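Subject: Handover of a structure and findings

Dear colleague,

Please find below the structure that I am handing over to you. I would be grateful if you could read the notes with the structure open beside them.

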Amino acid sequence: MYLLNYVILVHLVCSSCLAINSCNVTIEAAVGFTKQVTSPLINYEDIGKEMICWYNIRVKQSIYDLSIRLDFDRFSVGHLDGDSCNNGHLQILDSKHSRVNDELGYYCGTILQPRLIVRQTDFMRLIFTSTNTSTSVEWRFTLRAMKKEELPERFGKLPEYYPGRIGAVVEGTYCETVFQDCREQHCYVQSPGFPGVYPRGINCRYYLSTKTPLIRMYIEGLFWDAFKVDSRRCENFFECDIRQLTDDCPYDYVSIYDGMDEFSPPIGKFCGSGDFPQSIIGTSNKLFLEFVSSRYGPLL
């Protein structure tokens with residue numbers, strides 16, 4: 001096995017550096033600071049070997065409830081073959097529970113457009129693995145620590161006035177989320193990390209309730225921006241077709257039920273992108289949603 005900067009217990013802790021091009025680094029992030037992280041240079045002697053490169057991202061203590069934002073403009077690690085990653089992958093671990101992190105999946109492939117990762121956490125670990133390293137393996141991302149008001153797509157323009165907007169995550173889970181009193185305030189059901197790329201290997205359960213019967217759900221905004229679940233498996237138009245909205249979902253999907261859980265009458269199963277139903281109305285005061293993503297997938 002080939003490990004870049006292989007001494008794990010003695011590694012670089014970077015709080016003031018603005019650019020990082022080495023591996024096995026702990027990065028301290030704070031509001032107002034931007035750091036760019038680039039994959040290390042691949043030398044001739046590295047080709048064909050295994051490379052593992054990790055970054056620990058730690059947000060400095062703050063009075064604000066901060067999120068970590070990663071803007072990827074380069075990513076080429078392994079390639080997606082059906083439901084598996086060959087020759088390499090990226091894993092992002094952002095739960096404080098090790099059991100939950102063990103279940104999170106992997107990204108692989110090549111991006112042709114910038115991609116956004118958002119995680120509502122104060123610690124994140126990124127692990128890039130290449131099992132057959134070549135000069136085409138690369139990544140580059142910009143790191144920021146952001147306040148809620150800097151992410152209005154997720155938290156709204158005035159997050160302090162609508163604390164229940166995105167629900168409450170059940171302790172000990174990654175994304176089991178409870179929404180209450182959705183008639184008194186709008187409840188926004190979002191994939192984890194919205195408006196960025198959602199995590200791999202998750203099974204999210206969303207419980208929505210109102211005080212009175214009839215609960216209505218609809219897609220807010222342009223459908224091609226608001227609902228994209230496994231719409232493509234890669235960005236190359238010649239290799240991957242765009243999946244139109246369908247209920248034939250082999251990898252990632254959203255299922256909606258008219259009631260309190262998955263044993264309630266099903267309303268529909270959805271994946272792809274397209275003309276989502278304008279509104280879905282439950283017959284009681286409860287709706288249940290399940291969002292599932294496959295363990296391996298593209299950074300899309």
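The notes below set out what was found, beginning with the basis of the values.

The model is predicted, and local features need pLDDT of at least 70, side-chain atom pairs count only at pLDDT 80 or more, while totals for chains, interfaces and linings use all residues. Residues are numbered from 1 along each chain as its sequence is written, and side-chain values use heavy atoms, with hydrogens and water left out.

Strands and sheets

Helices (H or I, at least four residues) and strands (E, at least two) are DSSP runs numbered from the N terminus, and two strands pair if DSSP finds at least two bridges between them. An open sheet with mixed pairing is built from six strands in the order β16-β17-β18-β23-β20-β21. Its edge strands, β16 (168-169) and β21 (266-270), each pair on one side only. Within this sheet, β20 (residues 253-257) and β23 (residues 286-292) are antiparallel and share five bridges. V254 is placed opposite F291 of β23.

- β15 (residues 138-146) is joined to β7 by nine bridges, and I68 stands opposite A145.
- β13 (residues 115-119) is joined to β7 by five bridges, and L70 has I117 as its bridge partner.
- β12 (residues 109-110) is joined to β7 by two bridges, and S76 stands opposite T110.

As a general point, side chains in a regular strand alternate between the two faces of the sheet.

N236 is found in the loop between α3 (223-226) and β20.

Loop residues

For accessibility, buried means under 20% relative accessible area, exposed means over 50%, and partly exposed lies in between (1.4 Å probe, protein chains only). N236 counts as partly exposed because its relative accessibility is 27%.

Two residues other than glycine have a positive phi. For N24 the angle is about 55°, and N24 sits in the loop between β3 (19-20) and β4 (25-29). N24 is buried, because its relative accessible area is 2%. For N87 phi is near 70°, and N87 belongs to the loop between β9 (84-86) and β10 (88-93). N87 is partly exposed, because its relative accessible area is 37%.

The peptide bond from F194 to P195 is cis, with omega near 10°. P195 lies in the loop between β17 (177-179) and β18 (203-209).

Cavity

On a 1 Å grid over the protein atoms alone, a cavity is a set of points where a 1.4 Å probe fits but cannot get out, and lining residues have an atom within 4 Å of a point. Grid points are joined across faces, edges and corners, and a volume is the space filled by probe spheres set on the points. By this rule there is one cavity of 30 Å³ or more. The largest cavity holds about 40 Å³ of space.

Which residues line the largest cavity? They are I92, L104, G105, Y107, R119, P199 and R200. By class, this lining has four nonpolar, one polar and two charged residues. Here Ala, Val, Leu, Ile, Met, Phe, Trp, Tyr, Cys and Pro count as nonpolar, Asp, Glu, Lys and Arg as charged, and the others, Gly among them, as polar.

With kind regards

Conventions
On a 1 Å grid over the protein atoms alone, a cavity is a set of points where a 1.4 Å probe fits but cannot get out, and a pocket is an open set with protein on both sides within 12 Å along at least five of seven lines; lining residues have an atom within 4 Å of a point.
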